[in-house]
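Visitor: Hi! I have a structure open and would like to talk it through with you. Shall we take it piece by piece?

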Amino acid sequence: MNKWNQSYGFLLGKALQQMEQKFAEGLAPFNINSRQYGVLLFIEENPYSSQKDISDNLQIDRTTMVSHIDHLETLGFVERTKNPNDRRSYSLLITEKGKEVLNSRWEFLIDVESEVLTPLNQQERQLLKGLLIKIWKSL
């Protein structure tokens, strides 16, 4: 067995690269990337979150988060509102336009996942998902 096949990081990275490339193709017409899609999804599920909350939960550095939110706001997918509890920060809400993007791309994301995970049966997929969540939460 060669070294490439012995490295979990390399193999996970290649699988992620393939999945992200396929997903990026479906997001391109909306002028967003997969990380920005994840930010939209987080805001939809956690309305009135601050940029710091999103940054901490998604493990995105704050500078990058600001540029993501600026971009999503420019596209009309999110809106900032003053946080009534802290005037120095903003709460974020997804707009109807942002919800439309999320909903229209959700089925596409599921299709991409299914295509990438084709070699795995349902039990293996659930095991993989559980292991990935366990790894992510430990980081």
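**A walk through the model**

Guide: Happy to. L127 is found in helix α7, and please keep in mind that this is a predicted model.

Visitor: Is L127 buried or exposed?

Guide: L127 is exposed, because its relative accessible area is 53% and the cut-off for exposed is over 50%.

Visitor: And how are L127 and G26 placed relative to each other?

Guide: They are 101 residues apart along the chain, and their C-alpha atoms are separated by 27 Å.

Visitor: G26 brings me to α2. Which residues are buried there?

Guide: The buried residues of α2 are F23, G26 and L27. They cover an arc of only 85° around the axis, which puts them on the same side of α2.

Visitor: What do they pack against?

Guide: The buried residues of α2 pack against α3 (34-45) and α6 (96-116).

Visitor: What about the length of α2?

Guide: Helix α2 runs over residues 8-27, which is 20 residues. At 1.5 Å a residue that should span 28 Å, and the end C-alpha atoms are 28 Å apart, so the two agree.

Visitor: How many residues line it, and which lie nearest its centre?

Guide: The lining has 41 residues, and L16, M19, E113, L132 and W136 are the ones nearest the centre of the pocket. The elements giving two or more residues to that lining are α2, α3, α4 (51-58), α6 and α7 (122-138).

Visitor: Which element gives the most?

Guide: That would be α7, with 10 residues in the lining of the largest pocket.

Visitor: How do the lining residues divide into nonpolar, polar and charged?

Guide: In the lining of the largest pocket, 27 residues are nonpolar, eight are polar and six are charged.

Visitor: Let's switch to H68. Where is it found?

Guide: H68 is found in helix α5, residues 62-74.

Visitor: Why does H68 count as buried?

Guide: H68 counts as buried because its relative accessibility is 7%, and buried means under 20%.

Visitor: What is H68 in contact with?

Guide: Leaving aside neighbours within four places in sequence, H68 is in contact with N33, R35, Q36 and I60.

Visitor: Which residues of α5 are buried?

Guide: In α5, M65, H68, I69 and L72 are buried. Seen down the helix axis, the buried residues of α5 fall within an arc of 95°, so they line one face of the helix. On the other side of α5, T63 and T74 are exposed.

Visitor: And what does that buried set pack against?

Guide: The buried residues of α5 pack against α3, α4, β1 (78-83) and β2 (86-94).

Visitor: How does the span of α5 work out?

Guide: With 13 residues at 1.5 Å a residue, α5 should span 18 Å; the end C-alpha atoms are 18 Å apart, which agrees.

Visitor: One more residue: where is G98?

Guide: G98 has its place in helix α6. At 0% relative accessibility, G98 counts as buried.

Visitor: What is G98 in contact with?

Guide: Apart from neighbours within four places in sequence, G98 is in contact with L40, G76 and F77.

Visitor: And what separates G98 from P47?

Guide: Along the chain G98 and P47 are 51 residues apart, and their C-alpha atoms are separated by 13 Å.

Note on methods
Residues are numbered from 1 along each chain as its sequence is written. This is a predicted model: local features need pLDDT of at least 70, side-chain atom pairs count only at pLDDT 80 or more; totals for chains, interfaces and linings use all residues. Side-chain values use heavy atoms; hydrogens and water are left out. Helices (H or I, at least four residues) and strands (E, at least two) are DSSP runs, numbered from the N terminus. The expected span of a helix is 1.5 Å times one less than its number of residues. Buried means under 20% relative accessible area, exposed over 50%, partly exposed in between (1.4 Å probe, protein chains only). The arc is that of the directions from the helix axis to the C-beta atoms. Contact means heavy atoms within 4.5 Å. On a 1 Å grid over the protein atoms alone, a cavity is a set of points where a 1.4 Å probe fits but cannot get out, and a pocket is an open set with protein on both sides within 12 Å along at least five of seven lines; lining residues have an atom within 4 Å of a point. Ala, Val, Leu, Ile, Met, Phe, Trp, Tyr, Cys and Pro count as nonpolar, Asp, Glu, Lys and Arg as charged, and the others, Gly among them, as polar.
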